[in-house]
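Visitor: I have a structure open on my screen and would like to learn how to read it. Could you walk me through it feature by feature?

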Amino acid sequence: MAAAPPPPAGGFVLFLHGSGGSGEEIGAEVAPYFAAPELASSVRLSFPTAPTVPIACYGEFYQPGFRAPRKNRTHLIMAIFNFLPVLAVHPSASLRLSILVMDEGFNLLCCFALWMLLKARDVVITAWFGISEVPITAKTVRDEKEVLKAVEYVHGLIDKEIASGTSPSDIFVCGLSQGGALAIASVLLYPKTLGGCVVFSGSVPLRKTFADKVSPEARKTPVLWFHGMADGLVLFEAGHAGCAFLEELGMTCEFKAYPTLGHSMIDEELQYFQQWILNRLGISGIIETARPSSPSQHKDLQ
């Protein structure tokens, strides 16, 4: 009778990208922080890619069956300006924009024209669940059925890793923006205590009524939360409210705010993230990091 294969060594980091991104893209930003030879057998990384979904009427950021109220039109104009540099280069958006900003009146005309253009078409992007509005605030409501479906997918990945022999205490669920929202939702609803959860520029995508469904074991999972105070896509208030909610549940949430940071990941965050993971895995000593040549300026569509 063949002997059972040994369990995987070290920790497992599952990192979820934001909407409009991919596992390959986020992996290129995060993986260098765990690329040192001494970490090769200590930390395993996984960067899954979300399915592609049509987001109807990007101009009003609604899903099929959802229409934004008129009071959100002002936010729409602001959000479009936030998105112009993203849409101009993003391969998934299938748009190539060249915009000349001349004066305030022309700015408004450009916004209106772009709104009408996007309103007339569906844009297919990668997303873990639907996008209801931008910017994301502390009061933004998501389609919780879609969120829970995505949570089931993440739980399946965690279950598979545990079945292979990895201890739950060595598993970390992390994510950026919408990926961060899915990460924290998945940890809250998982029945076991995990090694930790790290949220970059995210939010809690569940109503507070879900508090009763958070098990005592899940509440023991530590959380690290990064958020820029200049974030125009997932507002700082959303991140701050999310961490406050976790603390109401009795969870440990270390919240790190960056006054001038927008909707981006920077080297300072990623270095702290790396050390936080290694400390919880019991890996001591300074690890030389093969950091990117320039700070990450990733922006996604939340």
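**Reading the features**

Guide: Let's start with the cysteines. A disulfide joins C243 to C253, with 2.2 Å from S to S. Keep in mind throughout that this is a predicted model.

Visitor: How many disulfides does the count come to?

Guide: The count comes to one disulfide. C243 sits in helix α6 (residues 236-248) and C253 in strand β8 (residues 253-258), so the pair links parts of the chain that are 10 residues apart.

Visitor: Is that disulfide left-handed or right-handed?

Guide: For that you look at the torsion about the S-S bond. Here it is about -130°, so the disulfide of C243 and C253 is left-handed.

Visitor: And are C243 and C253 buried or exposed?

Guide: The cut-off you need is that buried means under 20% relative accessible area. C243 has 4% relative accessibility, so it counts as buried. C253 is buried as well, because its relative accessible area is 9%.

Visitor: Let's move to the backbone. Which peptide bond is cis?

Guide: The general idea first: most residues other than glycine have a negative phi, and most peptide bonds are trans. In this model, the bond from V134 to P135 is cis, with omega near 5°. You'll find P135 in the loop between β4 (122-126) and α4 (144-163).

Visitor: You mentioned phi. What is the phi of S177, and what is that of S201?

Guide: S177 has a phi near 55°, a positive value in a residue other than glycine. S201 also has a positive phi, near 50°, and is not a glycine.

Visitor: Where do those two serines sit?

Guide: Both are in loops. S177 is in the one between β5 (171-176) and α5 (178-188), while S201 is in the one between β6 (196-200) and β7 (223-228). S177 is buried, with a relative accessible area of 0%, and S201 counts as buried at 1%.

Visitor: On to charges. How many salt bridges does the count come to?

Guide: Side chains of opposite charge can pair when their charged atoms come close. In this model the count comes to four salt bridges. One of them is between the side chains of R44 and E161, at 2.5 Å from N to O. R44 is in strand β2 (residues 43-46) and E161 in helix α4, 117 residues apart, so the pair links distant parts of the chain. R44 counts as partly exposed at 24% relative accessibility, whereas E161 counts as buried at 10%.

Visitor: Which residue forms a salt bridge with E144?

Guide: That's R207, with the closest N and O atoms 3.0 Å apart. E144 lies in helix α4 and R207 in the loop between β6 and β7, so the pair ties together parts that are 63 residues apart in sequence. E144 is buried, with a relative accessible area of 14%, and R207 counts as partly exposed at 43%.

Visitor: How far apart are the closest N and O atoms of K208 and E248?

Guide: They are 3.7 Å apart, and K208 forms a salt bridge with E248. K208 is in the loop between β6 and β7 and E248 in helix α6, 40 residues apart. Both K208 and E248 are exposed.

Visitor: Last topic, the sheet. In what order do the six strands come?

Guide: The order is β2-β1-β5-β6-β7-β8, in an open sheet with parallel pairing. The edge strands are β2 and β8, each pairing on one side only. From one strand to the next, the twist averages 15°.

Visitor: How many bridges join β6 to β7?

Guide: Four bridges join them, and the two strands run parallel.

Visitor: Which strands does α4 lie across?

Guide: It lies across β1 (11-16), β2 and β5, running at about 150° to β5.

Key. Residues are numbered from 1 along each chain as its sequence is written. This is a predicted model: local features need pLDDT of at least 70, side-chain atom pairs count only at pLDDT 80 or more; totals for chains, interfaces and linings use all residues. Side-chain values use heavy atoms; hydrogens and water are left out. A disulfide is a pair of cysteine sulfur atoms within 2.5 Å. Buried means under 20% relative accessible area, exposed over 50%, partly exposed in between (1.4 Å probe, protein chains only). Two strands pair if DSSP finds at least two bridges between them. Axes are lines fitted to C-alpha atoms, for helices over the stretch in contact, and angles run from 0 to 180 degrees between N-to-C directions. Contact means heavy atoms within 4.5 Å.
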